Amino acid sequence: MGNLILRNITKCYHKTEVLKRVDVDVANGEFVVIVGPSGCGKSTLLRIIAGLENQTSGEVIIGDKDVSLLAPAHRGIAMVFQSYALYPHLTVEGNMTLGLRQAREPAKIIADRVAEATRILELEPYLKRKPGQLSGGQRQRVAIGRAITRHPQVFLFDEPLSNLDAALRNQVRVEIADLHRRLGTTMIYVTHDQVEAMTLADRIVVMDAGIIQQIGTPSALYRQPANLFVAGFIGTPKINLLTGHMANARIDIDAIGVLSTKPAGKGPVTVGIRPADFIINADPRDDSAFSGKVIGTEYLGNVTYIRVLLGNGQTVVVEEKPDHLWQHDQPVYLGVNMANVHVFDGAGIRLDLNKTTVTD
Ligand SMILES: Nc1ncnc2c1ncn2[C@@H]1O[C@H](COP(=O)(O)OP(=O)(O)OP(=O)(O)O)[C@@H](O)[C@H]1O
Ligand SMILES: [Mg+2]
């Protein structure tokens, strides 16, 4: 069973705590992506799972066994690094077999495992080449192949696509998704790219400053972000955030207008509106529409992103169908799809508009 439990993991370097009470429970076969900004502790957490780093406190449990004190080779994991970490003097085949040879596996097993990885990743043409004779994408496939030969209970990936160009990144990303479907092995994947996280994960762990902000499916994080950090991190283009004050089933957005809401108490709030949840019009269609003017457009073929400067000096991004040509400086009015609006209290925590009470 390749399930993984991280129980109350903390990590301190000198006096700085870089991981704070991290609890994660990964089911056997699950694909979990750990995402967060640079320096938030993702690699440190992955290296602790691998046994390349010791946690200051807490436990790592893999396949129902506490592996906290075991060396990396005995944890049932295989790790793929951003930098590939291949031996330049060994061939592709030599790189893929090295770990098994060092572990003194029988020749038959080594041959079978290499054949399997070669077939899955279509590495046959490259087996006799050295890493220096391969493209970045091919090198990363070799590194993944080497991980496959170990038959791990859990695969660990640390930003495996970061050194690849955009087209190759998409291709290898699809290959990793296919690999997971085919092998059904538990995968833990670290990235700072929320698009990679959204497209690959069964569940995403969002981290900031060593603290887990939210764990959930991609759609749960998108539709119900637990706090302002998650709302701002998940979704492209970014969610628009407007500050205001809630009272009497209304939210007064500072200096630009009013939104009607369910009665949910009162107090300072931040309203999150995704670009697709604005409705843009050339005329005011209702009293609550915010007025502004177009200051830029980005035409992408299937959609257009329109930057609108509001009366309070804030710019918001609106997603629209590409049919209409919006002129620079054109006055516009923005309605809001209230069903999809996110409201956060003064501390940045999501409010459930159906039951929460906020106070000043
Ligand atoms: N050996 C070390 N000694 C002291 N501080 C360290 C050490 N290794 C990492 N850190 C610190 O721990 C924090 C987390 O680092 P980590 O490498 O886990 O971040 P990350 O989320 O992987 O970032 P990135 O996206 O840039 O790879 C950082 O603030 C980093 O400076
Ligand atoms: Mg890192």
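Guide: The protein chain is divided into domain 1 (4-232) and domain 2 (240-344), the bounds coming from an automatic or database domain assignment. This is a predicted model, in which local features need pLDDT of at least 70 and side-chain atom pairs count only at pLDDT 80 or more, while totals for chains, interfaces and linings use all residues. Residues are numbered from 1 along each chain as its sequence is written, and chains are lettered from A and ligands numbered from 1 in the order in which they are written.

Taken over C-alpha atoms, the centres of domain 1 and domain 2 are separated by 40 Å. Five residues from domain 1 and five residues from domain 2 take part in the contact, two residues being in contact if their C-beta atoms, placed from the backbone, lie within 7 Å. The side of domain 1 that touches domain 2 has three nonpolar, two polar and no charged residues, where Ala, Val, Leu, Ile, Met, Phe, Trp, Tyr, Cys and Pro count as nonpolar, Asp, Glu, Lys and Arg as charged, and the others, Gly among them, as polar.

Now to the helices themselves. Helices (H or I, at least four residues) and strands (E, at least two) are DSSP runs, numbered from the N terminus. Two packed helices are described by the angle between their axes and the distance between the axes. Here the axes are lines fitted to C-alpha atoms, for helices over the stretch in contact, and angles run from 0 to 180 degrees between N-to-C directions.

The axes of helix H2 (residues 92-102) and helix H3 (residues 107-121) come within 10 Å and cross at roughly 140°. H2 and H3 are therefore oblique to each other, given that angles under 35 degrees count as roughly parallel, over 145 as roughly antiparallel, 65 to 115 as roughly perpendicular and the rest as oblique. The crossing of H2 and H3 is right-handed; a crossing is left-handed if the near helix is turned anticlockwise from the far one by less than a right angle, and right-handed if clockwise. H2 contributes Glu93, Met96, Thr97, Leu100 and Arg101 to this contact, and H3 contributes Ile110, Arg113, Val114 and Ala117. By class, the contact of H2 with H3 has five nonpolar, one polar and three charged residues.

H3 also packs against helix H4 (residues 136-149), at an angle of about 140° and with the axes 9 Å apart, which makes H3 oblique to H4. H3 passes H4 in a right-handed crossing. From H3 the contact takes Arg113, Val114, Glu116, Ala117, Thr118, Ile120 and Leu121, and from H4 it takes Arg141, Ile144, Gly145, Ile148 and Thr149. The residues of the contact of H3 with H4 divide into six nonpolar, three polar and three charged.

The axes of H4 and helix H5 (residues 166-183) come within 10 Å and cross at roughly 25°, which makes H4 roughly parallel to H5. This crossing of H4 with H5 is right-handed. Gly136, Gly137 and Gln140 of H4 meet Leu168, Gln171 and Val172 of H5, and the residues of the contact of H4 with H5 comprise two nonpolar, four polar and no charged.
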